[in-house]
Structure formats: structure tokens, C-alpha cells
Amino acid sequence: RYTREGRLRLQAAYTDNRGDRALHRGQYAWRTQFVQAGLEANMGPDVILIAEAALGDTGMGLPAPAPGVDLRFRTAYALVSWSRGPFRVSGRVEAFDNEDRDGLEEPDGEHGWALTGAGFWQAARFLRVGAEYVTVRAQRPAAAFSGADRDTDTRRALLELRVQF
């Protein structure tokens, strides 16, 4: 981690859960390892930029060609947020990709992107009003195996009235 107080924070991490993918008493453990990096930058008194990315592998069962799951995943996002007084407006863009590497017939990969926009107003110390909109565009070929559309696109709008006490 590197920090310039009040201006910039950079950090990176590596995780390996050292899971044993072999079968033990009828149960498999997931083996997951990934690297991630992120930054937080104050772009001025009212604007902050946050970004993060991760790349890794996960799986359970014996590696291919044996039956099991073997997946490489990648994701990254960037978020910009502006605030002034009781108001905050934020936008986020994210991309993701899961690459199926087990060689089995069912394709377990997925890829896509998402956009989020949100606004909040702290009306009083105990009351916050907010709105959020999210759209996700994704392709999941395995959905076709169950008769569903491989386009797993979705949208969500959310209104919030939060009372804190």
C-alpha cells in the first residue's frame, strides 16, 4: 500500500486460499487465487475517483480433463463521485469476464459490463433520500442449456428513504 494523505492511495494484494481440489469424504474444496489492485484519488475538494481490478483462477474437483470446474475470472471497475454539502452523485462502470477452462460440454463462461448511476440527499441528520439505476449487459452461454436466453441483461431502479436512529 502507498498513501499520500488526503490525495492518493494505491494498493495491491495477492490471495491464495490453498484449497485442496481433491475429493474428501464426498466434498470438494474450491481452490481460489487472485491478484487485485486498486486506487483512490481525490480529484479536488468535491470529486473522488476509485478504481479496482482483479484477475484470478478458481476451481473445484480435479483439473481438466477430469470433471470439475476450472475458471479464470477478470473484473475491473471505476467509480467517480461528486459531493457538495448534503448532496452526492456517483457513477460507476464495470467490466467482467469469466473464462471457462475445464473443457466440459457445458460452457461456464460469462462476460459483460454494468453501469450504475446514483444520487443521494442527506435531508437531515437522520434522513437520507436516494435514487439508483443499474443496467447490466451480459452473455452466459450456459443459460441456453436450461432453455433460457444467453443474454442475461437486466436493469434495476431503486428509490431509497433511509431513516437513521
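My rule for ring pairs: rings of Phe, Tyr and Trp (its six-membered ring) pair if their centres lie within 6.5 Å; planes under 30 degrees apart are stacked, over 60 edge-to-face, and the rest tilted. By this rule I get two aromatic pairs.

Phe34 and Phe73 have ring centres 6.2 Å apart and planes at 55°, so I logged the pair as tilted. Phe34 is in strand S3 (residues 31-42) and Phe73 in strand S5 (residues 68-84), so this pair ties together parts 39 residues apart in sequence. Strands here are DSSP runs (E, at least two residues), numbered from the N terminus.

Phe87 and Trp121 have centres 6.3 Å apart and planes at 10°, so that pair is stacked.

Before going on, a note on the source: this is a predicted model, where local features need pLDDT of at least 70 and side-chain atom pairs count only at pLDDT 80 or more, while totals for chains, interfaces and linings use all residues. Residues are numbered from 1 along each chain as its sequence is written, and side-chain values use heavy atoms, with hydrogens and water left out.

Next I checked burial (buried is under 20% relative accessible area, exposed over 50%, partly exposed in between; 1.4 Å probe, protein chains only). Phe73 is buried at 17%. Phe87 is partly exposed at 43%, and Trp121 is partly exposed at 39%.

Last, I looked for charges over rings (NZ of Lys or CZ of Arg within 6 Å of the ring centre and within 35 degrees of the ring normal). Arg92 lies over the face of Tyr77, 4.0 Å from the ring centre. Arg128 has its charged end over the Phe120 ring, 4.2 Å from its centre.

Key
Helices (H or I, at least four residues) and strands (E, at least two) are DSSP runs, numbered from the N terminus.
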